[in-house]
Amino acid sequence: SVLRNTIRYSDRILPEGASCLVVFDIPRNANAVRNMLRRFLKDCGFVMLQQSVWKCDKNVSQELKSFVKEIAIEKWVHVFEGVEMI
């Protein structure tokens, strides 16, 4: 998709040590949505830290928030930008 490529090939890199984080808790009865989100994040170049925690070093949080709203999963998904403290 266009959005996937926009995120994957974005050259807007966050400052050293900063990441865009996606954290989600999607219920079991929405398993297809959870799997689709994981595939989407992987295809966009995110790295899995835990099953429901993914990160990348690109400034793409607004694009991800739009995607999350577009597919109506904002009650389960949170997008953050942050700096690793360790």
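Residues are numbered from 1 along each chain as its sequence is written, and side-chain values use heavy atoms, with hydrogens and water left out. Since this is a predicted model, local features need pLDDT of at least 70 and side-chain atom pairs count only at pLDDT 80 or more, while totals for chains, interfaces and linings use all residues.

**Exercise 1. Work out how many disulfides the structure holds, and why.**

Step 1: Recall that a disulfide is a covalent bond between the sulfur atoms of two cysteines. The cut-off here is a pair of cysteine sulfur atoms within 2.5 Å.

Step 2: Start with C20. Its closest cysteine sulfur is in C56, 4.8 Å away, so that's too far for a bond.

Step 3: Now try C44. Its closest cysteine sulfur also sits in C56, at 8.4 Å, and that's too far for a bond as well.

Step 4: The tally is zero disulfides.

**Exercise 2. Decide whether C20, C44 and I86 are buried or exposed.**

Step 1: C20 has a relative accessible area of 0%, so it is buried. C44 comes out at 2%, so C44 is buried too.

Step 2: I86 has 94%, so I86 is exposed.

**Exercise 3. Place S10 in the chain and find what surrounds it.**

Step 1: Look in the loop between α1 (2–8) and β1 (18–24) and you'll find S10. Helices (H or I, at least four residues) and strands (E, at least two) are DSSP runs, numbered from the N terminus.

Step 2: Check its cover. With a relative accessible area of 11%, S10 is buried.

Step 3: List its contacts (heavy atoms within 4.5 Å). Leaving out residues up to four places away in sequence, S10 touches N5, K58 and V60.

Step 4: Finally, a polar atom of the S10 side chain lies 3.2 Å from the backbone nitrogen of R12.

**Exercise 4. Describe V23 and say how far it is from Y9.**

Step 1: V23 lies in strand β1.

Step 2: Its relative accessible area is 28%, so V23 is partly exposed.

Step 3: Not counting residues up to four places away in sequence, V23 touches S52, V53, W76, V77, H78 and F80.

Step 4: V23 and Y9 are 14 residues apart along the chain, and their C-alpha atoms are separated by 22 Å.

Methods. Buried < 20%, exposed > 50% of the residue type's maximum accessible area, 1.4 Å probe, protein only. Polar contact = N/O pair within 3.5 Å; in protein donor to acceptor, adjacent residues only side chain to side chain.
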